[in-house]
Each structure stands twice: as C-alpha cells, then as structure tokens.
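Visitor: I have a structure open and would like to go through it by question and answer. Please keep it short.

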Amino acid sequence: MNTPKYKVPVSVDLPTRQWPSRTLTESPAWCSVDLRDGNQALPNPMTPAQKLEYFQLLCSIGFKQIEAGFPSASQDDFDFFRSLIEDGHIPDDVFIMGLTQCRPHLIERTFEAFKGVKKGIVHAYIASSDLHMKQVFGMSQADTIETAVAATRQIRELADAMPESDIRYEFSPEEFTDTDQSFCLELCQAVYNAWGKATSEKPLILNLPATVERRPPNHYADMIEWFCANFPDRDSVQISLHSHNDQGMAVAATELALMAGADRVEGTLFGHGERTGNVDLVTVVGNLFSRGIGTGLDFSDMENVVETVERLTGMPVYYRQPYAGEYAFTAFSGSHQDAINKGMHRLDQAAEIFGMQWKVPYLHIDPADLGRSFERLIRINSQSGKGGIAWVLEQDYGIQVPKAMQPQLREEVQAYSEEVSRELSAEEVHAIFQKKFVEPDGPYQLTGYWPRPDDKDPTFIHGEVKVVINGQEKTAVADGNGPISAFVNAMNELVDIDFSVDDYHEQAVGKGADAQALAYVPLKLKDNGVVFGVGSDSNIDQAAVRAVIAGLNRIASK
Ligand code: KIV
Ligand code: ZN
C-alpha cells in the first residue's frame with residue numbers, strides 16, 4: 001500500500017462561514033500562561049523568586065488572569081501558589097489559574113493550593129484526540145467523557161466548599177484541532193452539564209487549544225465558528241483560544257479564530273512555551289492596538305518588559321520580534337530612512353490626508369507608544385542614506401545639514417562605515433561630520449580676519465586676512481560688498497583654487513550664552529563642482545569664513 005507520510009488536513013465543511021467577512025473591533029479577555037506553559041518549556045525553569053517577579057510584571061502590564069502553574073505537579077509550583085496567596089501578592093482584581101489533569105488526587109491537591117484565594121480558576125484538561133486517546137492512554141471516547149465529567153463534579157464539589165472564594169472553572173479538550181469535532185462538542189457539553197452553574201456573569205471557560213499547530217489558520221477559525229454555532233448555551237461559556245506556533249502561524253490562527261467568535265486568548269510574552277512556543281501575546285496585542293482597539297494591556301515600557309523577560313527566562317528576545325525586537329522600528333536602508341524622515345516632518349498633515357494621527361512610511365505604529373525613542377529608529381551603516389544620516393545629526397546634535405550637502409556627508413560616512421565594516425553610532429557620525437567638514441586636515445589655517453564697514457558706504461567691507469598656508473604666514477587685503485565676499489576675494493588672491501561663494505546656510509546650535517553659529521558654505525569651483533565646508537563660531541561671520549577655510553582644506557586634501 002502506498003500510504004503518504006503526510007497528508008492534507010481535512011477541512012471543516014462550513015459553507016455558511018461568516019468569519020472571513022468580519023472585522024475585529026473589540027478586545028478579547030487575555031490570560032497569560034507564561035508561568036505554566038511558558039515556564040515548563042524553559043531549559044532552566046524559573047526559581048520561585050523569579051516567578052514572583054514575572055508574576056508582578058504580568059500584573060503591571062494589566063493581565064487579569066494568570067496561570068501561575070501546575071500546583072499538583074511539583075512542590076515548587078504548590079509552594080508558589082501558597083506564597084502568592086499567603087503573602088498577599090495577588091491584586092484583588094486578578095484571577096490566578098492552576099492547571100490539573102482530570103485525576104482525583106491531583107484535583108484534591110490543586111484545591112489545597114488554592115485555599116484562601118480570592119479569585120481562582122481551576123483549569124482541568126484531558127486529551128480528546130484519537131491520537132492521544134488510542135496511542136497514549138488507551139481510552140475510548142466514552143472513557144474520556146466519563147473521566148472529564150467525574151473530574152468536573154469533583155471540582156464543583158470542592159469549589160462549592162469554598163464559598164468565600166470566587167472559583168471559576170476552565171476545561172480544555174487537549175488537541176482540540178486534532179479532535180473529532182462532534183465528539184469534542186459532546187465532551188464539552190457533558191462537562192458543562194456536570195459543572196452545572198455556568199452563567200453569563202460567571203461563564204464556564206471552554207479553552208479549545210491548537211496544542212500542536214497541525215492545520216492552517218483558516219481551519220482553526222472554521223472549527224471555532226462551528227463550535228460556537230453548535231454549542232447550545234453559548235452565552236454561559238467563554239470560548240478561549242490557546243494556539244501553539246509549530247507552523248509559525250499562531251498569531252494568524254488566533255486572529256482568525258477571534259473573528260470566528262472566540263472571546264478569550266491564552267498565550268505568553270514573546271511566545272515562550274513548548275517547542276516553538278505559544279502564541280505571542282505581545283504581537284497579538286500590538287496588532288489590535290495598531291488598529292485602534294483598546295486591549296487593557298499596557299506595553300508602553302517595552303524595554304522594561306523585554307529586559308525583565310530576558311533576564312528571568314534566560315532567553316533573548318529576537319532582534320526582529322514585532323513590537324519588541326531591537327530592530328522592530330529601525331531603518332538601515334537609505335530610501336527607508338529618507339521616507340521616515342519626510343513622513344515624520346509631515347506628520348501634522350496626516351490627520352487631514354489619512355484621517356488618522358499616525359501615518360508614517362515604514363512605521364505602522366508610533367514607536368513612542370511602546371516607549372521607544374526616535375533616535376534609535378534610524379541606524380547608520382554603509383547602506384544608510386543621506387536622509388537617515390541627516391536625521392541622526394539633527395535628532396542627537398541639533399545639526400541641520402542642508403540638503404545640498406547631505407550627499408557629501410553620506411559619502412564620508414559610507415566610506416568610514418565600509419572601512420570599519422559595521423554599524424556606526426550617532427557619536428561616530430558626529431565625529432565624521434566634525435573631522436571631515438568642520439576641522440578637516442589641510443594646508444590652510446586662519447589666524448585672523450577683521451572686517452570693518454567702509455566709512456562712507458557701510459555695505460562695503462574692508463579688512464585684512466591672515467592665514468598660514470603650509471606653515472607660512474600670508475596676508476591679503478579683503479575688500480568686497482559683504483564680510484564673506486571680501487574674505488572670498490582675499491582668499492582667491494592667496495590660494496591656487498578658483499572658487500566662489502553664492503549663498504550659504506547658517507543656523508544657531510544651543511541657546512543663550514552657549515549658542516554657537518554653524519555656517520554651511522558651498523564653495524563653487526570653476527568646473528561647477530561644489531565642495532561644502534562647515535564653520536562654527538559664536539559670531540556668524542567668523543563661522544562663515546571658517547567654513548570657507550574648511551572647504552578649501554577639503555578641496556586641497558582631495
Ligand atoms: O497546549 C495545550 O493544549 C495545553 C493545555 C493544557 C491547554 O497547554
Ligand atoms: Zn499549551
């Protein structure tokens with residue numbers, strides 16, 4: 001027999017499906033399973049102290065449901081539950097959840113761990129797929145229903161014995177996406193009946209996991225829509241998603257399944273979890289946020305979240321991780337940098353043109369919403385463009401390099417970046433600007449220039465220029481109809497370079513007594529080439545003549 005090794009998963013027959021034409025407009029409820037599914041999959045699981053810090057991080061982000069562990073599975077998890085409860089670490093509006101198998105002694109122990117809790121969710125699971133029932137446990141469908149119902153009755157009894165606590169119940173048919181759907185419905189209905197006290201205020205949570213991602217996301221959505229449509233008491237259950245990322249599509253699966261009617265999402269920060277992990281809640285939340293949907297979760301200090309999770313899990317967050325990776329909002333390429341630069345400068349027009357406050361090329365959300373600063377958005381390497389380099393100098397040093405000069409600056413930055421074969425810091429870019437444009441090496445050194453207006457026509461300038469050229473002091477008379485043109489006339493007498501200056505840019509950098517003038521002067525050469533020099537001085541005319549000297553040195557050194 002020629003049996004294939006793999007086969008196409010059978011899709012759900014759902015010709016009435018509605019989800020493809022729905023749009024998400026509301027946030028689901030969120031449940032973090034970082035401390036259970038996430039922690040159990042770490043090479044070095046967290047210590048109790050680390051778990052507590054992680055728990056506090058989750059609370060500060062705003063999670064109201066946190067699976068704190070599997071209290072019947074280990075003494076550490078049990079003790080962790082006890083310390084959360086006894087030491088008062090659980091905010092009043094937060095439910096802690098504990099996982100258990102559908103086995104009497106484990107359920108008993110779980111309730112011991114929950115003693116005194118204000119709000120708790122007991123989470124029981126049983127494998128419902130043929131694969132698990134037949135190959136792992138040797139159970140029939142009837143056995144599985146019987147076990148789940150018995151467990152649920154026990155949980156109900158123990159929960160009823162704790163009237164001072166608000167105990168909710170979550171049931172998971174493990175491998176939901178690999179389970180016969182009619183059987184799964186029957187199993188969940190049996191559990192629902194056995195629980196017997198679900199209401200719309202205190203619903204039974206039916207968590208329908210893609211324990212292993214074996215199907216494309218649209219199948220998950222179909223299954224969820226089918227389940228929602230066929231579960232009789234839909235208002236008294238909360239349909240929860242729990243997707244793993246084996247095919248790298250857990251975020252997509254979760255979003256489509258939310259469109260299909262689910263109410264709640266379980267996942268982890270940055271997708272920690274078994275194998276390729278659980279769905280990454282940072283991405284799902286970020287996506288909804290980017291569409292203007294309030295999620296109730298606060299990632300405005302993403303740097304702290306990343307730092308804390310990396311430190312506690314011992315696992316780095318990937319550079320390109322959406323919303324959180326170091327490069328998530330970074331542009332290296334010149335055309336991207338240029339477009340960001342322009343978009344940022346024209347942001348005030350976005351509301352009128354696009355009907356939204358934020359619309360910037362290559363940045364789908366404002367990084368500042370995640371506490372990321374603009375300075376770090378544009379990174380400089382040999383691929384970087386003139387716009388990006390200018391952006392960095394403007395952001396970090398207030399230096400507004402004129403457009404016409406930017407290609408020359410880029411050439412210098414690119415040459416250096418290629419030489420060192422790495423990304424450059426903003427300090428290095430500034431050092432290149434200083435060294436190549438403000439104080440370039442060369443034969444000319446200005447020692448004095450004192451321009452004064454003509455006695456009769458104050459627009460006409462007289463003066464004397466003193467320069468050292470290749471170590472020799474030279475002097476020339478400077479006459480012209482302005483201090484700069486007089487200086488240029490004098491320099492044309494002293495040097496072999498035939499140049500002129502038509503106009504130039506100037507700006508003030510800094511404020512008050514510390515303010516410095518920066519002059520960007522283009523020296524126009526006989527062959528129509530242009531070379532920029534930059535001068536800095538507290539006096540604007542002196543800044544301009546220094547810029548001329550810098551430009552001449554640049555020409556001479558080339
Ligand atoms: O992935 C899974 O199915 C689980 C269950 C325990 C919900 O983690
Ligand atoms: Zn899981």
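Visitor: How far does a polar side-chain atom of Arg36 lie from an oxygen atom of ligand 1?
Guide: This is a predicted model, and the distance is computed from it. Arg36 is among the residues around ligand 1. From a polar atom of the Arg36 side chain to an oxygen atom of ligand 1 the distance is 3.0 Å.

Visitor: Which residues are around ligand 1?
Guide: Thr211 has a polar side-chain atom 2.6 Å from an oxygen atom of ligand 1. For His242, an N or O atom of the side chain is 3.1 Å from an oxygen atom of the ligand. The list of residues around ligand 1 reads Arg36, Asp37, His123, Tyr125, Ser172, Glu174, Asn207, Pro209, Thr211, His242 and His244.

Visitor: Where are the bounds of domain 1, domain 2 and domain 3?
Guide: The bounds are taken from the domain assignment of the chain. Domain 1 covers 23-313, domain 2 covers 334-433 and domain 3 covers 444-557.

Visitor: What area is buried between domain 1 and domain 2?
Guide: The centres of domain 1 and domain 2, taken over C-alpha atoms, are 43 Å apart. Contact between them involves seven residues of domain 1 and six residues of domain 2. Carbon and sulfur atoms give 58% of the buried area, which is about 560 Å².

Visitor: Which elements give two or more residues to the side of domain 1 that touches domain 2?
Guide: Across this interface the rule finds zero salt bridges, but two residue pairs are in polar contact. On the side of domain 1 that touches domain 2, the elements that give two or more residues are helix H10 (281-290) and helix H11 (302-313).

Visitor: How do the residues of that side of domain 1 divide into nonpolar, polar and charged?
Guide: The residues in question belong to the side of domain 1 that touches domain 2. They divide into three nonpolar, two polar and two charged.

Conventions:
Residues numbered from 1 in each chain as written. Chains lettered and ligands numbered in written order. Predicted model: local features only at pLDDT ≥ 70, side-chain atom pairs only at ≥ 80, totals over all residues. Heavy atoms only, no water. Domains from an automatic or database assignment. Contact = heavy atoms within 4.5 Å. Buried area = accessible area lost by both parts, 1.4 Å probe. Salt bridge = Lys/Arg side-chain N within 4 Å of Asp/Glu carboxyl O. Polar contact = N/O pair within 3.5 Å; in protein donor to acceptor, adjacent residues only side chain to side chain. Helix = DSSP H or I, 4+ residues; strand = E, 2+ residues; numbered from the N terminus. Nonpolar A, V, L, I, M, F, W, Y, C, P; charged D, E, K, R; others polar. Near = heavy atom within 4 Å.
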